[in-house]
Amino acid sequence: MAETLLRVAGLSAGVADKTILHNVDLEIARGEAHVLMGPNGAGKSTLGHVIMGDPAFEVMEGSILFDGADITEKSPTDRSLAGMFLSYQAPVEVPGLPLYTFLRTICQMRPELKTTARKFREEVGALADELDLDQGLIMRELNVGFSGGEKKKIEMLQLLLLKPQLAILDETDSGLDVDALSIVSKGIEAYRQRCDGSLLVITHNTRILERLEVDRTHIMVRGRLVADGPASLIGEIDAHGFEHYECELGDEA
Amino acid sequence: MARTHVQDINRSLYDFVMPEVDAERYADGLTPAIVRAISEKKHEPAWMLEMRLEALERYHTMQMPANWGPSTKGLDLNHISTYVAPNAKRTNSWDDVPADIKETFERLGIPEAERETLAGVGAQYDSEIVYHNMRESVADQGVIYTTIEDALADPELEPVVRKHFGTLIPMTEHKFSALHYAVWSGSSFVYVPAGVTLPFPLQSYFRLNAQGAGQFEHTLIIVEEGGNLHFIEGCSAPKYNVANLHAGAVEIFVGSGAHMRYSTIENWSKNMFNLNTKRATVGADAHMEWVSGSFGSHVSYLYPSTILAGDNSDCEFTGITFAGATQDLDTGCKVTMNGKNTNASVNTKSISKDGGINTFRSSVIIGPRAENARASVSCQSLMLDDMSRSDTIPAMDVRCAGASVGHEATIGRIADETVFYLMSRGCSEGEARTMVVNGFANPISKELPMEYAVEMNNLIKLEMEGAIG
Amino acid sequence: MAGTIQLAHVNTPPAQTWNYLRINDIAIEVPVPREQGAAFNRLPRIFDGIECGIGDEARDWIVASTPDARYIEVPARTTRVDPIVVDIAAERDTAADTGICVREGAEATIVIVAGAALPGEATTSALTRIIAERFSKVHIMEIIALSGSFRHLEGLGVDAAHGAHVDVRQYFLGGKTVAAGFAANLAGDDATVELSCRYLVGTGETLDINHIVRARGRNTREDMAVSGMLADGSTKTLRETIDLIHGAKGSQGNEAETVLIAGENIRNKTLPVILCDEDDVAGNHGATIGAISPEQLAYLQVRGLSEDEAVALFARSIFDDALIHAPEAISAAAVAQRAEAVLGIEASRDSLEALGTDFFGGV
């Protein structure tokens, strides 16, 4: 088996007065693509944000290891610089900040991505074309007045620019029309091919997985990982939903 | 489409005049002699007379601001009587109140409210309090509710008054606070001991019956650590053709961990110049709430102000102003945040009609040490016709990096879509507009004490004429 | 140096408030206008009536300090390709008094730049009054990018007739004391003004802004968005007034302000006023004053920025935004020069390389 990139062990987390995640164990090896599925409100997004160190959540127990180092206490900034990436389900609007300035800044601070402004400008232009994004958006304010599809594509653009070792894609497929979905899928494919990065796709929709070779599938219900299995599990979920897992969990949660 | 008409406030409830029988009325105008006479009649300590005389001097040298505010033209202190005392002794029994005065307060519903929902009542008629009473059970807990005049005569209370009186609102604040300190008369003094919660509100009602007179009552409230008080202030006057003046002052000291709510329904007649000043200072972990309804007066300058001095203290200001014909109401509030983690929330609504002028004026100052202070100001104005006016002038001054201020203001009229939507569900246009105006005022009126909420609904009696043409 | 006089009431808004707040105006010490002889080049009388935000006293001082007023006309139904540039080189203590008439259906871009590369001490000023005739389009770019002890007075007034559209981009990037007034008189029906104002007030600097939009015509639109950043020991005052005058039926005005406080000992004063003398109108104002919102900060952190870097990013974004919208070389150079002083040479060059006008050949 390939070397472990991410190891989540015995993780419980939540907000001040409410535990959302209970004793979660998850391992992702270098180069693997995992899928995290579960009904609405199961805590999937929370897991993505907690792995990334979102200060809105608090880790109550357990640890998170990335590339062999314990990052449980690390800031999101450090995690990002270490090669982790989280795409937002609802990307944040930052009025007044040109998208270009943002992209340039987050790339230029990583030694491996440093390049001249002119080359960078061209690279961003090429990626925008690839993702079918209007070039004019690049000089507009970050996410302000962007459509849902444009916002998701901007997240993909950042993924392809930053080339992280691990990408957590939080409901990247939600709210997209068919065309946008296909472009986002292509973006994910491009990421896999170009960076050989690991992937944790959070979704409750199997559509986006059609183009993806999945190594492992995890099911989360009420903050617990209740099952995992091979890619074929996705087909089962497609056919039968999550009810079976929810019943199994009974009233204990 | 014919414009529907929202009727002016029905004022008949308040607009009745009692004859001025045997009243002791001092000469019009302002002289040291009048000030001395007021002081002498009240048997005041010397320091109070000195304060009055100093204030009178300042009054003569101070100017009204030339660059902002409604005009006070028509207000001539040479034709205002600053002291009119009814021929009545202060009593704690309604039976001892002279018949005409008793009838006045009965028509205003005060004795009834006292029986049902209040812990104590003070009633001022022109320049003096004529009735004062508090439930025994409340008095037993050490709560003091009396007049400042009586407190000054009490050797135990005099030092307390002296320590607080005039310290929160200085006489130099503005021209009419100077006037207030020169001629103040009639008052409420409330002292709530540490840890005491009053089960019911206290209420002071101010009635100005005399024509061409001024009312200058002073309210001094001290709530000690952990105390809890709801104080209600009501005011009204009959309509005359000459100017009347109200220049009261309210000083409130809220101790740490204490809770204070001050509710006002102000329904002065439209010949009244209302230049009232109210201020509270709030200790650590304490809470101050203002609920303010302004419906009356010809001209108002009214901005209850709060100083959040202690850490973790907070304040809420909820206000509604209704300006109709001939009214120029400049109202709002001031908040100064000095403590850490303080919170201020301001929520106001105004309705303008028939040429009435509403100005919302506020200031939020966040001091350099007010780390993590949060302020939010929201003001909404509704214009009911194109003859009226509504201005919003909120100032903000932030000197602390770790603070945040959110502010939103909207001015508009009743949306045609809303009226159409309601009409499509079977309402007449008049009903639809009434619903919208009521809905607009409702979040504020529900904060008022029950009897005042009912009163407000009566006040904004919306009568729709005209129909879709 | 010649003596100085005090302009006591600069940037006074139409509706004032408590004087103790010291928010109603700013007093500025300026040099006594030099004797220039009597034969001044004056603007046509028609410009006299155009309000320009800084107040009559300051306006008269600029007029008196400017030996040669400049009048420019953009003929009807033409589009002027080259921007009209008012270039205030601070080193030369410049004052400019410019009147521009954009005739019916014409379109023009006007650039007002005040830049100084070297530290120094001077008082510069620009007074620009514009008549935007029916259905004209006027694009205005103001860049005040001074350093050192430069003081600057900026007055800008626009009269907009029926269907005229005016957009204004203001960038206040530096100067010891900068007082900038702007007034738009939307006299005609359907006239619109869009104002975007961005600023960075550095340590020890004072920025004083007075925006006035008077809606007189029917169905006018006025949108004002102001955002900026305050560094240690800086002072900023913003007065914004939307005056919805009787008869301006169907008009809508919006004011929005965002202030990022990024330092200690700052003073941030805001007076956002809506005056309303009409019922069939809508006026809105919103303000957010404080630090970066937790949601924004978390998002930026997740992309690898520390809190300090996030704040630095916001500072850079103001300069980058100015570069992105700079329509010609003089304004771009002024921005780049100031960016060099504030952000450092590396960041400035980096932005200029990708965003300078030569890359796009103008926007």
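The following conversation sets some values from this predicted model against the definitions behind them.

Guide: Because the model is predicted, local features need pLDDT of at least 70 and side-chain atom pairs count only at pLDDT 80 or more, while totals for chains, interfaces and linings use all residues. Residues are numbered from 1 along each chain as its sequence is written, and chains are lettered from A and ligands numbered from 1 in the order in which they are written.

Visitor: Why is helix α1 of chain A called mostly covered?

Guide: In α1(A), residues 44-52, nine of the nine residues are buried, among them Lys44(A), His49(A) and Met52(A), so the helix is called mostly covered. The helix itself is a DSSP run (H or I, at least four residues, whereas a strand is E, at least two), numbered from the N terminus. After α1(A) comes Gly53(A), with a positive phi near 85 degrees.

Visitor: How do you know which residues of chain B and chain C are in contact?

Guide: Two residues count as in contact if their C-beta atoms, placed from the backbone, lie within 7 Å, and in this way 33 residues of chain B are in contact with 37 residues of chain C. On chain B, the elements giving two or more residues to that side are β21 (357-366), β23 (389-398) and β24 (404-413).

Visitor: What makes β23(B) and β17(C) a pair?

Guide: Strands pair if DSSP finds at least two bridges between them. β23(B) and β17(C), residues 267-276, are joined in the antiparallel sense over six bridges, so they meet that definition. Within this pairing, Thr392(B) stands opposite Ile274(C) in β17(C).

Visitor: What classes of residue make up the side of chain A that touches chain C?

Guide: Ala, Val, Leu, Ile, Met, Phe, Trp, Tyr, Cys and Pro count as nonpolar, Asp, Glu, Lys and Arg as charged, and the others, Gly among them, as polar. The contact takes 30 residues from chain A and 23 from chain C, and the chain A side divides into 19 nonpolar, eight polar and three charged residues.

Visitor: How do you know where the domains of chain C lie?

Guide: The bounds come from an automatic or database domain assignment, which gives domain 1 (4-290) and domain 2 (293-363). Their centres, taken over C-alpha atoms, are separated by 24 Å.

Note on methods
Buried ≥ 20, exposed ≤ 12 C-beta atoms within 10 Å, placed from the backbone.
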